[in-house]
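Hi,

Here is the structure I promised to pass on.

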Amino acid sequence: MADTTTNGKSVSSNSQGYIFLYIFIAILVLAAIIFFFKSSVFDKRNVDARILKDELYLNEDLVFTDNTKNAKKWLWEFGNGAKSNTQNGSYRYLKSGSYIVRLTVDGELREQFPVNIRDTVSMAVDTVVSINGPTSGVVNEEVRLEAEGKAGLYEWAFGETGRVDVKGRTALYTFHAPGEYMVKLTTDRGHRPVYHKIFITDPNAVIDTELVLPGEGERKVIDDIRARLQAIANGADFNSNYYYLTRKYMCNSEKVTVAVEQDNVKKSSDFYSYCMGLTFGGEIVVDEAQLTISPTSNCAILVNIKQHSAKTVK
């Protein structure tokens, strides 16, 4: 009887040991499943892409960019058969209509954006000639104006020399003195010339006289503009900051001239191109940003900006 009892206890002890082993293995398996599940759910990459505008005209570029983390391959499809494999870029549609822009990142992550392309606004292009181009510029830098409409003869007088300066549909001209000019385009399509007002400024003179000692009101404007531009440079929402500035200070004009001084190098561009450069440039610190207001309106005609690259700061 003693042996039987002893053997019985031995068998019972072994059974309990196996049960604890099975429970331990089950816990390990469950923990592994939970770990992989959480990794796949919470560590999953999301597409971080955007387009600048979802409603454009035929003569506008669709600007696109992607900042998806660790992305290596991109496929942009524009809904009309056209494709691009670049991370950032632009595309111009040839026909109006509604399209779906699709982005595939690394062959598996997908995002899409609906866009609406409208016909270019024109006024009887076959009979009326108009001028397309910037309304502001700076001295000693080339201004480009385009004649919109059909004609056999195009003669441009930029108002600085008192004579015809350029012939042809496209006119390139460099102003040598600041001021407000009335550009005149004469064609063989009508008896009356077409006029285009442009305001030319000297960025160096503006920086030296206006940017040194701003008043309290000017300082608030400077800080407001600088903060919005810095937000764009830091990767914040482009549209909200960009259109805030154009609506509040530029009367919705995207072609206001920007004079930039960075690391002792000066250059100029239009406001739209400058802001897009902030988006793609990265690590830019905006130090000062001030407006020059048109003497005949409350709209900005020039933005002076001082900035530096954060990469150069040690």
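Y57 sits opposite R118, a residue of β8. The strand β8 covers residues 109-118, and β2 pairs with it in the parallel sense over three bridges. Two strands count as paired if DSSP finds at least two bridges between them. Strands here are DSSP runs of E with at least two residues, helices are runs of H or I with at least four residues, and both are numbered from the N terminus.

Before going on, a word on where this comes from: it's a predicted model, where local features need pLDDT of at least 70 and side-chain atom pairs count only at pLDDT 80 or more, while totals for chains, interfaces and linings use all residues. Residues are numbered from 1 along each chain as its sequence is written, and side-chain values use heavy atoms, with hydrogens and water left out.

Back to the sheet. Five strands make it up, in the order β2-β8-β7-β4-β5, and it is open with mixed pairing. At the edges stand β2 (55-57) and β5 (83-84), each with a single partner strand, so one side of each has no neighbour in the sheet.

Next, the aromatic rings. Rings of Phe, Tyr and Trp (its six-membered ring) pair if their centres lie within 6.5 Å; planes under 30 degrees apart are stacked, over 60 edge-to-face, and the rest tilted. That rule gives 15 aromatic pairs. One of them is Y91 with Y93, edge-to-face at 5.0 Å centre to centre and 85 degrees between the planes. Both Y91 and Y93 are buried (under 20% relative accessible area with a 1.4 Å probe, protein chains only; over 50% is exposed, in between is partly exposed).

Last one: what does Q230 touch, leaving aside its neighbours within four places in sequence? Its contacts (heavy atoms within 4.5 Å) are I284, V285 and V286. Q230 is in helix α3 (residues 216-233) and is buried, with a relative accessible area of 12%. The Q230 side chain reaches the backbone nitrogen of V286 at 2.7 Å.

Cheers

Conventions:
Polar contact = N/O pair within 3.5 Å; in protein donor to acceptor, adjacent residues only side chain to side chain.
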